[in-house]
Amino acid sequence: NYLTKPTNKTLLQQKEIIESQKSEEKKKKHLVEEKQKEIIDSISYAKRLQEAILPPQEFINKHVSNNFILYKPKDLVAGDFYWAEYISDLFFIAAADSTGHGVPGAMVSVVCSNALNRTVKEFGLTETGKVLDKTRELVVETFEKSASEVKDGMDISLLCIDSKNKKITWSGANNALWYIQNNELLIIKPDKQPIG
């Protein structure tokens with residue numbers, strides 16, 4: 001076999017093929033970058049929406065002195081959230097962990113936060129245990145409407161401060177209450193039933 005030297009025509013064809021492949025790769029890369037930007041923009045907007053359901057620090061400061069909030073979602077949006085409401089001289093505050101993380105967890109957190117709001121505002125419940133029971137009912141009701149089986153919800157620790165009567169009540173669904181008394185860490189165990 002003799003090796004033949006490629007002709008100028010063959011080299012030109014190969015160059016055209018390589019340039020065409022490079023151009024196609026550039027288009028694909030641009031498309032991926034465009035889609036990635038759309039996804040990031042969408043998640044960033046979802047973050048703003050999720051932050052809108054979180055009570056502002058000033059609201060909590062108004063009802064509880066010497067407090068802090070540690071909220072560090074793993075992703076831009078998360079299933080973890082905190083909730084607070086003031087109704088009839090009672091200040092409710094909760095820390096919750098919705099099922100899932102990222103976008104699905106954030107969507108569940110919005111459903112759960114809405115259920116908490118409805119429970120205390122629309123149904124007027126103020127006993128922490130009954131608030132969690134009604135919230136569970138509303139979350140289950142919301143997800144029952146789905147044609148597919150949705151088994152989502154949240155674990156939550158709910159505290160109610162009655163400043164007028166100097167009384168604190170608490171209930172937990174899969175989330176314990178940790179508190180310090182006389183320099184000793186004490187724990188009250190929750191019910192082993194999630195909301196949802």
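This is a predicted model: local features need pLDDT of at least 70, side-chain atom pairs count only at pLDDT 80 or more; totals for chains, interfaces and linings use all residues.
Q: Why does the distance between the end C-alpha atoms of helix α3 agree with its number of residues?
A: Helix α3 covers residues 102-122, which is 21 residues. The expected span is 1.5 Å times one less than the number of residues, so α3 should span 30 Å. The end C-alpha atoms agree with this, being apart by 29 Å.

Q: Which element gives the most residues to the lining of the largest pocket?
A: The largest pocket has a volume of about 820 Å³. Among the 27 residues that line it, those closest to the centre are Phe 68, Ile 69, Ile 93, Ala 94 and Ala 95. Two or more lining residues come from each of β1 (80-87), β2 (90-98) and β3 (154-162). The element that gives the most, with 5 residues, is β2.

Q: How many residues of the pocket lining are nonpolar, polar and charged?
A: Gly counts as polar in this division. The lining of the largest pocket holds 3 charged residues, 5 polar residues and, as nonpolar residues, 19.

Q: Which residue in the turn between β5 and β6 has a positive phi?
A: Strands β5 (residues 177-181) and β6 (residues 184-188) run antiparallel and are joined by 5 bridges. Gln 181 stands opposite Glu 184. The hairpin leaves 2 residues between the strands, and the one with a positive phi, of about 55°, is Asn 182.

How values were computed. Residues are numbered from 1 along each chain as its sequence is written. Side-chain values use heavy atoms; hydrogens and water are left out. On a 1 Å grid over the protein atoms alone, a cavity is a set of points where a 1.4 Å probe fits but cannot get out, and a pocket is an open set with protein on both sides within 12 Å along at least five of seven lines; lining residues have an atom within 4 Å of a point. Grid points are joined across faces, edges and corners, and a volume is the space filled by probe spheres set on the points. Helices (H or I, at least four residues) and strands (E, at least two) are DSSP runs, numbered from the N terminus. Two strands pair if DSSP finds at least two bridges between them.
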